[in-house]
Amino acid sequence: MSSKGVDEQCLGWAARDASGVLSPYKFSRRNLGNEDVHIKITHCGVCYADVIWTRNKHGDSKYPVVPGHEIAGIVTKVGPNVHRFNVGDHVGVGTYVNSCRDCEYCNEKQEVLCTKGSVFTFNGVDFDGTITKGGYSSYIVVHERYCFTIPKGYPLASAAPLLCAGVTVYSPMVRHKMNQPGKSLGVIGLGGLGHMAVKFGKAFGLSVTVFSTSVSKKEEALTSLGADKFVVSSNQEEMKALAKSLDFIIDTASGDHPFDPYMSLLKPYGVFVLVGFPSEVKFSPASLNIGSKTFAGSITGGTKDIQEMIDFCAANDIHPMIEVIPIEYANEALERLVNRDIKYRFVIDIENSLKEN
C-alpha cells in the first residue's frame, strides 16, 4: 500500500473552500505500485456526493477537494503483479479505492462494509495518510482490486454512472431478491438512482410503479423508462388504490417525506429499502409489524456486486440516461444537480475537455 514517489503531474479541477467553486488544479499522484493500475480517465459521472464534499456539507472536507467517484477510463500502465488487467482495457473505479482486505466483509468482497472503513475515492484518508483525489482529473492510480472491467462494447460515458448510482440500487435489489419475475416494485423518486432502479426492475421482469412529487416526469417514466404505472405521491386516492399491492419498494428520495403512506402499500412480508438520505426516518411501528414487513438501508456495494452489475448492464443493454458535458461546465452542473434539473445523470467528458491551460 506504499505510495512513495510521485508520477507525472495530474490535471484536475478542485474546490478550494466551502463555496464549492471548482477551478483548474495540478497535483501529484503516487507512483505505480506493484498491484496498481494507472488509468487515463475518459469520463466521470457527477454525483450529489460531489456537492456534499466540495461545499463542506458534512464539515469534514479536506481542501483542495477534487471530486468524482463514478470513473471510467482506459488502462495505460499496470504494476508487475497485476493479473486482471492489461494496457488498453476499459475499466471503472467507484466510490472507494482501498480497504483493509482482511476483515470478514473484505473477504466476502463486500469491501464497502470494511470494519476499518473503506477509503473513499475522494476526500478520503488513505492508509498512508494521503488525501484521495477523485475523477475530475486526467488520470488515477488504483489498486487492481478496486478496478472493474467494462466490456469493450459498452460506452465508457454510460459506464461511469453505474459505479455509484447503478450499484446503489442494484446491490440491495439483488440482496433482497427483487430479481424475481412477476413481482411488483415501487420506486420512490425519479433521479439518478431512481431511473436506474426502474431500468433494473424492468430487466428483472418486475411490474414497476414510479412515485414522484412531480407529474411532469410521468410521460418519461412510462415511455422512455418503461415503468408500468406512475403515481403522484400527494394524490391520496391514487396511493390508497395501491394498498397492499407491492412486494418491494426502493426509496431513492433524499428530501424529507412521510414513510407510513408508502409502508401501507407493501404486501405482507414486503421489503422497503432506503438508499436516499432524508434528515430523519419516522414511521409507526404498526406500519412495520403488521404484515411482517422489512425495512432496510443500503449504500453502494462490494466489488463482487459492482462487477456483476456492470456485466448485467452490458448483457441486457441497460444504459443510464445521461447528459455529457465538458469539465468547464462542472460548476453549472453541480448547481443544476442541487436544483434537480437533470435527466438523469451528468457525465463529464474528461478526455476531450480537460486540457492544460
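**Figure 1. Salt bridges of the predicted model.** The structure holds 13 salt bridges, a salt bridge being a side-chain nitrogen of Lys or Arg within 4 Å of a carboxyl oxygen of Asp or Glu. The model is predicted, so local features need pLDDT of at least 70 and side-chain atom pairs count only at pLDDT 80 or more, whereas totals for chains, interfaces and linings use all residues. Residues are numbered from 1 along each chain as its sequence is written, and side-chain values use heavy atoms, with hydrogens and water left out.

**Figure 2. The salt bridge between Asp 126 and Arg 30.** The side chains of Asp 126 and Arg 30 meet at 3.8 Å, N to O. This pair links distant parts of the chain: Asp 126 lies in the loop between strand 7 and strand 8 (139–143), and Arg 30 in strand 2 (residues 22–30), 96 residues apart. Helices (H or I, at least four residues) and strands (E, at least two) are DSSP runs, numbered from the N terminus. Asp 126 counts as buried at 9% relative accessibility, and Arg 30 counts as buried at 19%. Here buried means under 20% relative accessible area, exposed over 50%, and partly exposed in between, with a 1.4 Å probe and protein chains only.

**Figure 3. The salt bridge between Glu 220 and Lys 343.** The closest N and O atoms of Glu 220 and Lys 343 are 3.5 Å apart. Distant parts of the chain are again linked, with Glu 220 in helix 6 (residues 218–224) and Lys 343 in the loop between helix 11 (330–338) and strand 17 (345–349), 123 residues apart. Glu 220 is buried, with a relative accessible area of 18%, while Lys 343 counts as partly exposed at 42% relative accessibility.

Figure 4. Asp 247 and Lys 267 meet through their side chains at 3.5 Å, N to O. Asp 247 belongs to strand 13 and Lys 267 to strand 14, 20 residues apart. With a relative accessible area of 11%, Asp 247 is buried; Lys 267 counts as partly exposed at 29% relative accessibility. Elsewhere, salt bridges that share partners join Arg 30, Asp 36 and Asp 126 into one network.

Figure 5. An open sheet is formed by 6 strands in the order 12-11-10-13-14-15, with parallel pairing. Strand 12 (229–232) and strand 15 (294–297) stand at the edges with a single partner strand each, so one side of each is left without a neighbour in the sheet. Two strands pair if DSSP finds at least two bridges between them. Neighbouring strands of this sheet are turned by 20° against each other on average, direction ignored. Axes are lines fitted to C-alpha atoms, for helices over the stretch in contact, and angles run from 0 to 180 degrees between N-to-C directions. Strand 13 (residues 246–251) and strand 14 (residues 266–274) pair in the parallel sense over 5 bridges, and Phe 248 stands opposite Val 271 in strand 14.

Figure 6. Strand 10 pairs with strand 11 in the parallel sense over 5 bridges; the bridge partner of Gly 186 in strand 11 is Thr 209. Helix 5 (residues 192–203) lies across strand 10, strand 11 (207–212) and strand 13, running at about 170° to strand 10.

**Figure 7. Helix 4 and its surroundings.** Helix 4 is followed by Lys 177, which has a positive phi near 60°.

**Figure 8. The loop residue Pro 258.** Pro 258 lies in the loop between strand 13 and helix 8 (260–263). At 52% relative accessibility, Pro 258 counts as exposed. Pro 258 and Phe 283 are 25 residues apart in sequence and 7.5 Å apart in space, C-alpha to C-alpha.

Key: Contact means heavy atoms within 4.5 Å.
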